[in-house]
Structures are given as structure tokens and as C-alpha cells.
Amino acid sequence: MKGLLQKIPKVALFLATNEKAGRDKLHGILRYVRLHTPWNSHLIENRIGEQKLGDLRDWGATGIIVARMPDSVGTIASAGVPVVVIDSPTLYTERLPRASFVTCDSEAVGHAGAEFFIRQGFKNFAYVADVGSWDWSQLRCRAFCEALRREGFDCAVYGGGGEGTKSDWACDQKGLARWLLTLPKPCAVLAARDGRARQVLETCLSTGLGVPGDIAILGVDNEEILCENSSPTLSSIQPDFEEAGYRAADLLEQLMRRNRRKPQTLLYGVHQIVARESSRSARAADRRLLRGLEFIRLNA
């Protein structure tokens, strides 16, 4: 690290850009670099045939940003340079004790979902957790339920059908279908992420439940490939992933320049809620009206 102020930092970026969250985080990082400081950076995406960095020390790495790539933790730990992790801190905390973190405020996500559904006029609520026991899924659930409880509402929770369902969607779907049928209708459902929201949607349609007439659905991440190409289209909470990347780059720059020496933990919040067909109020459940509203949204 000696003489870092006199040379351009070399930063390794471990980012899964096959999903919108990763691409937005990368955009935030590159925006920070473009506006504030030159970096010599190398992007590692785990693509087929990509050029990786076998030994970060041989390359001369002076800093690392990593998101959603726990398989790379050994390579990262051996580099001995400042590390900033974006999200999923439980995957890295033990093996990277000196890392800093920029983490989504999962409580803000849960509160935003509750406020959105209440404004839509719903009275019955439920939460569908992710199949993995992720901390962010549990925190979103807790915040969602607490926000509803403060307004006098209860919330049903689907946590999966046991260990056997984590790797078997066919088995999990049967349990999810039975659970959805027991919910009071109409019911507003927050899913832990968009992929899970799409599973809820497919299960509703296969069991004859109307969306949003019987079950209104809201996901998280605003993964547009999933949300815009579902029928009906899926509403989603969009965390501020670009801000996460920007703040991670700013924090790493300070750590590399020794302006900060102790590990830091920063939070980023919700950027917006993108309302599509799946979360329309029960008062607007007529299919022709929904299609008309969706046409206006897409063409406004």
C-alpha cells in the first residue's frame, strides 16, 4: 500500500452481472470512478471462458469489491488488501473479518412493502420467504409483519415445507399451493425476491387463484426480465443498487487511501416501487381494466 497516493489503484470487482442488481451495482461503481478517481479495475463475473485473476497479489491488487460471489472468498482473503462486500454479510463475515460492508436495509424493504399494500386498500396480508435461510429474507419478513401489526393487521408467513423443498420446486410448490388456498381473499403477498414472486404467481395460476383478484403479489429487486415478461406483470420493490455500488466504491477509496482504517458497515435503502398488474387493488381486478392500465403504464 506504500505510495498508493502516487499511483493508480488496482481494484478487482467480483460481481454477478447476470442479474439486474449486479449490473446496477457495477454502474454505481463505475459512476463513482468516472466522477472522482481513476482506477485500474478488472471485472470478474464468473462467465464461461472469462479471464480471472489467479493470484491477486501477482496482479498488484490494492482493493476489492465483491457481491454475491462467496466461492471467491479464499482468493479474496489471501490478497491482504481492503475489501468491501455488497450484501449477504453472513456469507463473508467469518472468513473476511476485516472486510467492510454495504448492505441493503432489509427493514426498509419490509416497511415499504407494508405501506404500499395498505395504501392499496388491502386488509389481508402474507409473506413468502426465500427457500434459503437468508438473513435478508428473515429481516424483510420481520419488518413487514411489524409494520402491519402497528396498523392493526396480521400477517401469514410461508417459510417453505422443510429441508426437502429447498432443492425441489415440485415438492415446494405443492405446499405453497395448499397454503395459498387457505389465505383469506383478497390477500396481499410480499415475496422475498422477484424469483420467489414469480413462483407464487405460477402457483396461483395453476391452482385457479386470480392475480391480483384473489392474490396480489409484490416482489423485490425489480428484475425486469422476470417482472415485465410475466402474465400478469409483476410489481416489485427496487432497492437502490446503484447507490450501493457508488457507496462501496467511495468506501473502498477511503480504505485504500487510509482515510478510514477500521471496518465500516453502511446501509442503502429503497429506490422506488414499480407498480405493475400483479399488485392492483382488488377494486381494480377486472381483467380488461388491468390490461388498459398496463398499456398506459408501458406507453406513457
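**Reading the terms of a predicted model**

Author: P186 lies in the loop between α6 (169-182) and β8 (187-191), where helices (H or I, at least four residues) and strands (E, at least two) are DSSP runs numbered from the N terminus. The model is a predicted one, in which local features need pLDDT of at least 70 and side-chain atom pairs count only at pLDDT 80 or more, while totals for chains, interfaces and linings use all residues. Residues are numbered from 1 along each chain as its sequence is written, and side-chain values use heavy atoms, with hydrogens and water left out.

Reader: What is the omega of the peptide bond from K185 to P186, and is that bond cis or trans?

Author: Omega is near -10° for the bond from K185 to P186, and the bond is cis. A cis peptide bond also joins V211 and P212, with omega about 10°, and P212 is found in the loop between α7 (194-206) and β9.

Reader: Why is the protein called as compact as a globular protein of its length?

Author: The protein has 10 helices and 12 strands. Its radius of gyration is 21 Å, close to the 19 Å that the globule rule gives for 300 residues, so the protein is as compact as a globular protein of that length. The radius is taken over C-alpha atoms, and the rule is 2.2 Å times the number of residues to the power 0.38. Taken along the principal axes, the C-alpha atoms fill a box of roughly 65 × 45 × 40 Å.

Reader: Why is N222 called buried?

Author: Buried means under 20% relative accessible area, exposed means over 50%, and partly exposed is in between (1.4 Å probe, protein chains only). N222 has 2% relative accessibility and therefore counts as buried. This residue lies in the loop between β9 (215-220) and α8 (224-228). Leaving out residues up to four places away in sequence, N222 touches K20, D194, C227, S236, I237, Q238, V274 and R276, where a contact means heavy atoms within 4.5 Å. Across the protein, 50% of the 300 residues count as buried.

Reader: How do you know that W134 and W136 form a stacked pair?

Author: Rings of Phe, Tyr and Trp (its six-membered ring) pair if their centres lie within 6.5 Å, and planes under 30 degrees apart count as stacked, over 60 as edge-to-face and the rest as tilted. A search of the whole structure finds eight aromatic pairs. In one of them, W134 and W136 lie 6.3 Å apart from centre to centre with 15° between the planes, and the pair is stacked. W134 is partly exposed because its relative accessible area is 30%, whereas W136, at 17%, counts as buried. Elsewhere, F116, F117 and F122 form one aromatic cluster.

Reader: Why is Y268 called buried, and which residues is it in contact with beyond its neighbours in sequence?

Author: The relative accessible area of Y268 is 2%, so this residue is buried. Y268 lies in strand β11. Leaving aside neighbours within four places in sequence, its contacts include K25, D87, V102, P239, F241 and A244. The C-alpha atoms of Y268 and E243, 25 residues apart along the chain, are separated by 7.0 Å.

Reader: Why is D168 called partly exposed?

Author: D168 has a relative accessible area of 35% and is therefore partly exposed. The residue is found in the loop between β7 (156-158) and α6. Its C-alpha atom and that of G219, 51 residues apart along the chain, are separated by 21 Å.
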